[in-house]
Amino acid sequence: MVKNKVIAVVGLGYVGLPLAVEFAKKYRVLGFDINENRVNELNDGRDATLEVSRETLLNALESNDGGLKGVSFTSNPVEISKAHIYIITVPTPVDKNNHPILTPLIKASETVGKVLEQDNIVVYESTVYPGATEDECVPVLEKFSGLKFNEGFYCGYSPERINPGDKTHTVTKIKKVTSGSTEEVGILVDKLYSSIITAGTYLASSIKVAEAAKVIENAQRDINIAFVNELAKIFNKLGLDTGEVLEAAATKWNFLPFKPGLVGGHCIGVDPYYLAQKAEELGYHPEIILSGRRVNDSMGEYVATEVLKLMVSNGIAVKGSKALMLGITFKENCPDIRNTKAVDVYKNLLSFGIKVDVFDPWANDKEVFDEYGIKMITELKEAGYDAIIHTVSHTDFSNLKISKIKKEEGVIYDVKGTLNKNIVNKRL
């Protein structure tokens with residue numbers, strides 16, 4: 001059913017590239033992205049996201065077995081017209097008011113709609129609210145293709161479950177939810193993914209069920225993290241170490257091992273808003289989901305305030321002091337800076353007249369400056385900082401001799417709770 005199918009992957013970021021490379025081991029794959037620099041980089045065997053190694057990428061580019069498998073990358077939409085199956089993996093962000101932005105999804109649907117042919121299948125992987133594929137994307141495909149849904153073309157939805165920076169739970173090792181706009185298409189989409197996903201697949205009964213399943217995955221994690229973030233605030237007032245409390249509680253077999261922290265990135269910090277907006281459109285105000293978001297969105301300011309309290313208690317004059325932030329990416333051992341909440345810590349510290357240096361060997365200097373206006377330092381020297389904030393637990397930081405880069409009376413605040421307790425003044 002899927003043999004000799006040509007697959008086009010639209011969107012070559014953290015989700016699309018690993019998927020395209022895996023499919024290229026068995027199928028002919030056309031990778032498309034509107035970013036020409038990204039396409040040129042990939043054709044040169046380089047992946048700035050670090051999700052795919054140079055060796056793997058070059059093998060995928062060179063494995064053109066008579067045109068039956070291998071990948072080629074392009075920014076020319078005409079070149080993906082030979083595909084039979086289109087997989088759309090573009091981002092679905094929110095605006096400054098936390099309202100979903102479907103523009104990338106709509107634009108990608110327009111691009112595919114213009115080259116869509118009879119019996120083609122379009123599979124969406126982007127996280128959306130239940131109903132978005134059929135209510136928002138399908139009309140665009142119909143308009144630009146001139147074909148009728150479930151007669152001229154078909155759709156599927158198989159939500160991405162990529163965990164950026166995770167080299168253990170890679171795309172093939174994470175069970176994949178699949179679905180189709182008809183029973184037959186659902187089976188075909190499931191067979192397509194099961195041909196590369198070693199962890200197995202789960203065929204949902206409908207596209208809406210698959211969409212809903214995805215959006216609640218991250219909403220659930222968001223709520224659980226919000227709970228422990230609230231606990232951290234309470235325990236701080238009680239003079240208790242949150243890490244020690246959680247460690248003791250975790251001795252119960254069914255205790256969920258979540259930890260407090262900054263919740264950013266392009267999934268957990270965003271996806272709950274998609275479900276919340278849909279709920280509000282239907283006349284229901286989701287209290288728990290939005291409450292969790294408020295707690296987690298407040299943590300950057302909370303961390304900055306706690307650092308200030310530490311400095312004052314140590315007799316350090318706040319205004320004009322010098323602080324160092326270790327890490328700016330949204331998570332450890334990953335170059336992704338999208339929606340990082342470490343920036344909230346940075347901005348709040350600046351607002352109190354503190355000079356803040358940011359050091360992160362994983363982040364791209366230019367991207368950080370272009371996105372947030374922050375000029376990072378590229379190396380650590382014995383600079384004598386009044387405060388050091390460990391915001392991201394990159395493995396690079398585990399062997400740092402932090403005592404050599406802070407003043408004697410300087411303070412260390414450990415957001416991640418992974419530094420040696422003997423050297424930190426406080427942790428979240």
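Leaving out residues up to four places away in sequence, Ile 162 makes contact with Tyr 14, Val 15, Pro 18, Glu 51 and Val 171. The model in which these contacts occur is a predicted one. Ile 162 sits in a loop, the one that runs between β6 (153-157) and β7 (176-178). Is Ile 162 buried or exposed? Its relative accessible area is 15%, and because buried means under 20%, Ile 162 counts as buried. Phe 32 is 130 residues from Ile 162 along the chain, and the C-alpha atoms of the two are separated by 19 Å.

For Tyr 86, the partners beyond four places in sequence are Ala 8, Ile 80, Ser 81, Val 112, Val 115, Leu 116, Asn 120, Ile 121, Val 122 and Val 123.

Two helix pairs come next. Helix α5 (residues 132-145) and helix α7 (residues 207-238) have axes that come within 9 Å and cross at roughly 110°. Angles of 65 to 115 degrees count as roughly perpendicular, and α5 and α7 are therefore roughly perpendicular to each other. On the α5 side the contact involves Ala 132, Thr 133 and Glu 134, which meet Ile 207, Lys 208 and Glu 211 in α7. Sorted by class, the residues of this contact are two nonpolar, one polar and three charged.

The other pair is helix α11 (residues 299-313) with helix α12 (residues 342-351), whose axes come within 8 Å and cross at roughly 45°. That angle makes α11 oblique to α12. The crossing of α11 and α12 is right-handed. From α11, the residues in the contact are Gly 300, Glu 301, Val 303, Ala 304, Val 307 and Leu 308. From α12, they are Asp 344, Val 345, Asn 348 and Leu 349. By class, the contact of α11 with α12 has six nonpolar, two polar and two charged residues. For the contact of α5 with α7, the corresponding division is two nonpolar, one polar and three charged.

Methods. Residues numbered from 1 in each chain as written. Predicted model: local features only at pLDDT ≥ 70, side-chain atom pairs only at ≥ 80, totals over all residues. Heavy atoms only, no water. Contact = heavy atoms within 4.5 Å. Axes fitted to C-alpha atoms, helices over the stretch in contact; angles between N-to-C directions. Helix = DSSP H or I, 4+ residues; strand = E, 2+ residues; numbered from the N terminus. Parallel < 35°, antiparallel > 145°, perpendicular 65-115°, else oblique. Nonpolar A, V, L, I, M, F, W, Y, C, P; charged D, E, K, R; others polar. Left-handed = near helix turned anticlockwise from the far one by under 90°. Buried < 20%, exposed > 50% of the residue type's maximum accessible area, 1.4 Å probe, protein only.
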